[in-house]
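User: Please take me through the helix packing and the cores in this model, and set each label against its definition.

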Amino acid sequence: MVRARPSMRELIRDRGRRGFVGRGAERAAFRENLELAPEDERHRFLFHVHGNAGVGKSFLVRELEQLARERGALTAYVDESVGSVPEAMAGISDRFARQGHRFKELDRLLATHRERRHEAESTVMETVEMLEPQPSPASMAAARAGLVGLGLVPGVGAFAGAIDPAQLAQGADRLRAGLSARFRNQEDVQLVLSPERVLTPVLLAELADAADAAPWIVLFFDTYERTGPFLDGWLHDVMTTDRYRGSLPANTVVVTAGQRAFDTGRWGGFADFVTDLPLGPFTEAEARGLLAGKGVVAEPVVEEVLRLTGGLPVLVSTLAEARPADPDDVGDPSATAVERFLKWEQDPVRRAAALACALPRRLEADIFLAAVGCPEEEADTLFGWLRSLPFVSDRGDRVQYHDVVRAPMLRLQRRHSPRRWAERHARLAQTFAGWRAEAEVGLDTDELWADEAWRELRLAESYHLLCAGARAALPVVLRDVADACGQDDVVGRTWARMLVEAGEDGDAADVGRWGRDLLAAIEDGIHDALGMLLNRGGLDIRGQAVVRMLRGRVLRVNGDFERARAEYEQAIALDPELARAYYGLGVTRAHQGEYEAAIATLDRADELAPGTAEILFVRGDYHRMLGHSDEAMRDLDRAVALDPGLAGTWAARGVARYSMGQTDGALADLDRALELDPAHVWALVRRARVRRSRGEHVEQLADLDRAVELGREQAWVACERGDALRLAGRREEALADYDRAIGLDGTYASAYASRGVCRNGPGGPDEALADLDRAIALRPDYAWALCHRAEIHLQQHEYERALADADRAVEGNPDYRWAHTVRSMVLLELGLLPEVLEAMSHAVELMQSEPWGWGDLDRLTRVRDALIHDPVADRAALTPLLDQLSVALDALQERGPE
């Protein structure tokens, strides 16, 4: 078989490697480490390369990667092109896929993470309300903390120190449950709130599988001065703690490279497995070796190069490429760095191309063509030459100038010809604007900021407009920053960093100052950044309305409903056509218990943005909570029709149908939801409830088993299965699930209440009461737990305590049938017969209008029979009402449960 000829890129890379000199000690240390077994105490699991810009960190890292591959290692390279831990994982997955090892499950979860993240800020609080009609302060506090930074450590930012840690713990699971009501998939909830928690175990499992196929896995994290702020803590946890399920394979080596040394506060205790590789300028011997490798050996020339470069590897390499034969060829010592870089390139087309290509922040073939403006037939050759330059790093489909070279190139052009500088940036801005307009085709306005490709084009367009110095550019860009912050903090920071770069590159102090101020404000919270834009940004009326709306959303998702309402109302006053403001105001009103007003506000949102599935979904849920079955189904039917591929919509309609007693339709909708998304935990749990009502207990438990498997760290899922096992008589298994739920969340009231009910009997009333007491302490209006505690007090003949619990249950939940039933039982024991009949009447009335079970009928029948045989009962007074109740109970028995 004839071996395929190597590609041009492979030949260029190999030639470059053969010319790599210096850093011999660093290369030797890395190479020798791969000869040691992981169990050898001399083996090091982490190498950290660090030094100032231009010392050759990236060159060394690339060389280390090739050394690793020569020893059969699977490698991954990540640099500052990623902006978060999930993006870093995506980069690792992509590199392994190129080597024949696809991370299928990780890729699936990453895709879901990108889709769900932008939805979370605008939906989490209304979904908390769906599960808890009157959110407690703890629930709101947990929601606030969970959304600070969307995946950052709770409490960081504007709300640090303002939230009681006990409240955070108490409300955490309610937040997750609330998000599940919107997303219907608990995995999606965690992908939004704690993406690393969901994704890291999957990455570790994928790496473990890949480790079986190679002697080593080596992960490279370059430009760590930019990625370290979000990667360092995660990497430390993955390597040194058991925070995440799973662990890195023992045959994994990690290499990081950045300008700063490791944080000794975090890594200082792990010196025995870290190799520190500080890089400075080349030694004279190393610089001479590089020059000699390029044929530059004349002593006067070498001395001049050493004097001009100071041993900075990127400058030595650049000058060596020109192979100067005379000191005069090295250039005047007063010449600028750019002039030295390009002095020996005599072709004016190439010189101009090198300078022009410094203008874009990132470079690819199309951008190269737009920047240089050469004929297309010449572009490939010219671009190939550019990519071969020593200060240009190849990053797959894109290339990037080294900062040490790009910065002086930009300064040279800006100072040499300010008019041409502005014209070139304006032309690039126009090019990106055209590409951005093409990307907008088929996207609604609200979809644009969720589209990563569109955002990237808009970002580049904005950068070049600012560098061009257009007077109108900054207000327009600041308006975009508001939308970027509204997307999430990661996108907001990206825009702020762009302002910093544009300020530095374009010598625009006001632009750079805006960027730095926004970065600082975003660290304190998106709300503060939006306030800065509102107060200082010079926004037009429409822009002010949007910022008010976004501030309202931040306040709403953090539980500050009064201030959120004020922001939304001001947004509407500024722009009465802003549908998103009406949507946010409607949701806020619902949180404040004003459901009718919320629906009316959402009606206006629907008028302004007809056919928006999200508006229909939320309004349908509010109708359902108010008992407006027809209206709820109307909205949910429309939502399904508008987006039939969204599993959550089908699941929501299934729940609505179940509440209407339409078990067949409910099951069909939930089946469809799970066809679209087999890992939809919320739909699995809800389908299990429907199957329980149909007597399909085997299928019910199968759904719950699957839900527990998918939502292993979700307390409510474990508790749900515990309830099913308890009702099936499998007490020990149920208790194990309740214990597990409480272990996951020690403030989950439902788990304590259910465990208390399960313990009553063989465990004795004391254990049961202890759990029920804890549940009621966590949720004072918990009617189900109050009724169970009242029954235990009744069994113990503690009638006053029993009545107090029953009264609390009725007072807080007047339409709760079981509360009236339990109250009638207690009143019977106290001999308060007229009140017994009143309580029974309420219970029977509720049974006639909603689903009930044989246990309900059995309890009421026993109370009635006791009244009939009570020797001291006033027959004349009680008989007429008893007769009416008897007729109603007989009718219910004949009809049977629905």
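**Helix packing and cores**

Analyst: Helix H35 passes helix H37 in a left-handed crossing, a term used when the near helix is turned anticlockwise from the far one by less than a right angle, clockwise being right-handed. This is a predicted model, in which local features need pLDDT of at least 70, side-chain atom pairs count only at pLDDT 80 or more, and totals for chains, interfaces and linings use all residues. Residues are numbered from 1 along each chain as its sequence is written, and side-chain values use heavy atoms, with hydrogens and water left out.

User: Why is H35 called roughly parallel to H37?

Analyst: The axes of H35 (residues 647-659) and H37 (residues 681-693) come within 10 Å and cross at roughly 25 degrees. Angles under 35 degrees count as roughly parallel, over 145 as roughly antiparallel, 65 to 115 as roughly perpendicular and the rest as oblique, so H35 is roughly parallel to H37. The axes are lines fitted to C-alpha atoms, for helices over the stretch in contact, and the angles run from 0 to 180 degrees between N-to-C directions.

User: What makes H24 and H26 roughly parallel to each other, and which hand does their crossing have?

Analyst: H24 (residues 452-468) and H26 (residues 489-505) pack at an angle of about 25 degrees, with their axes 9 Å apart, and they are therefore roughly parallel to each other. The crossing of H24 and H26 is right-handed. The residues of this contact divide into nine nonpolar, two polar and four charged, where Ala, Val, Leu, Ile, Met, Phe, Trp, Tyr, Cys and Pro count as nonpolar, Asp, Glu, Lys and Arg as charged, and the others, Gly among them, as polar.

User: How do you know that Glu-65 is buried?

Analyst: Buried means under 20% relative accessible area, exposed over 50%, and partly exposed in between (1.4 Å probe, protein chains only); Glu-65 has 3% and is therefore buried. Leaving aside neighbours within four places in sequence, Glu-65 is in contact (heavy atoms within 4.5 Å) with Thr-75, Tyr-77 and Phe-220.

User: What has the most contacts inside the largest nonpolar core?

Analyst: A nonpolar core is a set of buried Ala, Val, Leu, Ile, Met, Phe, Trp, Tyr and Cys residues joined through side-chain atoms within 4.5 Å. The largest has 97 residues, and those with the most contacts inside it are Leu-386, Tyr-401, Leu-499 and Leu-518. Helix H25 (residues 473-487) gives the most to this core, with eight residues.

Key:
Helices (H or I, at least four residues) and strands (E, at least two) are DSSP runs, numbered from the N terminus.
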